[in-house]
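Visitor: I am new to this structure. Please take a close look at one part for me, starting from a single residue, and then show me what else can be read from the model.

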Amino acid sequence: MTRPLCFGRFMLPRGDASDWPVIACDQYTSRPEYWEAEDRRIGCAPSSLRLICPEAFLGEAEARLEGISRASREYAETALKEYRGGVAVTRTLPGGVKRRGLVCLADLECYSTSGEPLIRATEGTVTERVPPRLAVRRSSVLDVSHVICLIDDPDRTVIEPLFGEGEELYDVALPDGGRLEGRLVTDTAKASAALDALMAGAEKSGLPFVLVGDGNHSLAAAKALYEEYKAAGDERASSARYAVVEAENVRDDGVVFLPIHRIVYGMAGIKNELAARLGGDGYVTVVCGDEKERISAPSDPAEAYAAVQKIIDESGAKVDYIHGDGEIARICASDGEAVGILMPPLDKSRLFSYIAAHGVLPRKSFSLGEAEDKRYYMECRLIDGGGM
């Protein structure tokens with residue numbers, strides 16, 4: 001039986017892991033100084049920072065590949081220890097709220113960005129963001145992941161029963177606040193049976209089983225590398241077929257959907273274009289400098305995202321996708337040519353039914369919390385080895 005979510009090999013730092021976790025590479029894209037400060041903080045300590053290319057430096061990705069390759073091989077041999085099973089993760093957010101998850105493996109044979117696979121993307125991809133991530137993944141012997149997959153488990157049968165048991169693997173403070181705790185899951189048969197039952201229920205109801213809640217582009221890059229290896233008959237395909245992910249229950253109180261805003265550069269007239277073409281009982285807020293103005297928009301947030309994105313795409317303007325109202329305010333206050341568009345939040349309770357009815361959302365439609373609430377890189381996996 002093919003299982004979209006399964007268990008197998010993964011790796012964690014030996015000894016002190018305090019410098020290992022860093023935030024997802026697609027955060028703080030307009031603040032290279034954040035990443036420069038992280039670089040100084042970590043120094044020479046082993047860290048997942050050496051295995052990624054922050055999107056704030058996307059133009060430098062090719063120049064960073066040799067260093068990423070060298071670090072991945074060194075860490076795999078000296079800094080990391082391999083385990084089998086899964087990890088029950090408790091993430092304490094900076095505000096004190098706890099969010100629970102299960103680190104496991106996604107079978108990329110079950111994942112696609114189109115159609116109705118068992119693991120579905122939730123949003124359209126930004127095409128230009130996949131090749132740099134693919135290049136990073138191709139150069140490294142390690143899969144280091146910030147992907148969060150969502151399941152809809154109202155009876156809390158899969159993740160929640162795993163807590164309070166298992167060997168403690170780590171308990172670390174995160175650089176931006178909060179903590180990350182992980183315990184080893186060895187009774188994978190019980191968790192697999194619960195996942196099988198949940199999958200059968202989803203199929204019966206006509207709803208998706210697994211949705212990619214965060215890290216769509218990273219999982220798309222993992223899929224591309226797997227297909228590349230498979231087509232070439234490369235023996236690494238048997239390992240690259242699986243990607244490390246964290247599964248979370250969309251019903252968890254710690255799973256919060258926040259909007260992803262837009263920044264448009266070099267086109268002050270975008271505000272007038274939005275005002276002329278949008279309409280409805282909802283609204284978006286346009287930010288220019290220190291001024292904010294509400295513009296009517298569709299009341300359904302998904303429709304509002306689609307309408308706003310269509311106007312931006314047709315304008316040909318440079319656009320960036322920003323997490324957090326404060327970051328939009330900061331950028332617009334410092335850049336007189338930047339126009340911010342504050343988007344409405346999606347209702348997480350409608351996500352699975354929306355995807356079933358309409359397919360993927362417009363790209364960059366929601367975020368699982370603020371930037372510092374995102375998944376930090378922790379577990380990784382050797383993708384030069386064989387099989388699961």
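Guide: Start with Glu-62, which is found in helix α2, residues 61-79. Keep in mind that this is a predicted model. Is Glu-62 buried or exposed? Its relative accessibility is 71%, and exposed means over 50%, so Glu-62 counts as exposed. Now look for Pro-132. In sequence, 70 residues separate Glu-62 from Pro-132. In space, their C-alpha atoms are 7.7 Å apart.

Turn to another helix, α4, residues 188-205. This helix has 18 residues, and at 1.5 Å a residue they should span 26 Å. The end C-alpha atoms of α4 are 26 Å apart, so the model agrees with that expectation. Which residues of α4 are buried? They are Ala-191, Ser-192, Ala-194, Leu-195, Asp-196, Leu-198, Met-199 and Ala-202. An α-helix has 3.6 residues a turn, so residues three or four places apart point the same way. Strands β1 (5-6) and β8 (148-151) are among the elements that cover the buried residues of α4. Just after the helix comes Gly-206, with a positive phi of about 80°.

Next, the sheet. Five strands form an open sheet in the order β16-β15-β18-β14-β17, and the pairing is antiparallel.

Look at β18, residues 338-342. This strand is mostly covered, with 5 of its 5 residues buried. In a regular strand the side chains alternate between the two faces of the sheet. In β18, Ala-338, Gly-340 and Leu-342 point one way. Val-339 and Ile-341 point the other way.

Strand β18 has β14 (residues 260-265) as a partner, antiparallel, over 4 bridges. Within that pairing, Ile-263 stands opposite Gly-340, and Arg-262 has Ile-341 as its bridge partner in β18. Strand β15 (residues 282-288) also pairs with β18, again in the antiparallel sense and over 4 bridges. There, Thr-285 stands opposite Leu-342.

Now follow β14. Ile-260, Arg-262 and Val-264 lie on one side. His-261, Ile-263 and Tyr-265 lie on the other. Strand β14 pairs with β17 too, antiparallel, over 6 bridges. Arg-262 stands opposite Tyr-321 in β17. Tyr-265 has Lys-318 as its bridge partner in that strand.

Two helices lie across the sheet strands. Helix α7, residues 270-277, lies across β14, β15, β16 and β18. Its direction is at about 30° to β16. Helix α8, residues 301-315, lies across β14, β15, β16, β17 and β18. It runs at about 15° to β14.

Last, the rings. A pair of aromatic rings is described by the distance of the centres and the angle of the planes. How many aromatic pairs does the structure hold? There are 5. In one of them, the rings of Phe-10 and Tyr-83 have centres 5.6 Å apart and planes at 15°, so this pair is stacked. Phe-10 belongs to strand β2 (residues 8-13) and Tyr-83 to strand β3 (residues 80-92), 73 residues apart, so to speak linking distant parts of the chain. Both Phe-10 and Tyr-83 are buried.

Phe-257 and Phe-366 make another pair. Their ring centres are 4.3 Å apart and their planes are at 15°, so this pair is stacked. Phe-257 is in strand β13 (residues 257-258), while Phe-366 is in the loop between α10 (351-358) and β19 (367-368). The pair links distant parts of the chain, 109 residues apart. Phe-257 and Phe-366 are both buried. Elsewhere, ring pairs join Tyr-28, Tyr-34 and Trp-35 into a cluster.

Charges meet rings as well. The charged end of Arg-100 sits over the ring of Phe-163, 4.5 Å from the ring centre. Arg-294 lies over the face of Tyr-283, 3.8 Å from the centre of that ring.

Notes
Residues numbered from 1 in each chain as written. Heavy atoms only, no water. Phe/Tyr/Trp six-rings, centres within 6.5 Å; stacked < 30°, edge-to-face > 60°. Buried < 20%, exposed > 50% of the residue type's maximum accessible area, 1.4 Å probe, protein only. Lys NZ or Arg CZ within 6 Å of the ring centre and 35° of its normal. Pairing = 2+ DSSP bridges. Contact = heavy atoms within 4.5 Å. Axes fitted to C-alpha atoms, helices over the stretch in contact; angles between N-to-C directions. Expected span 1.5 Å × (residues − 1).
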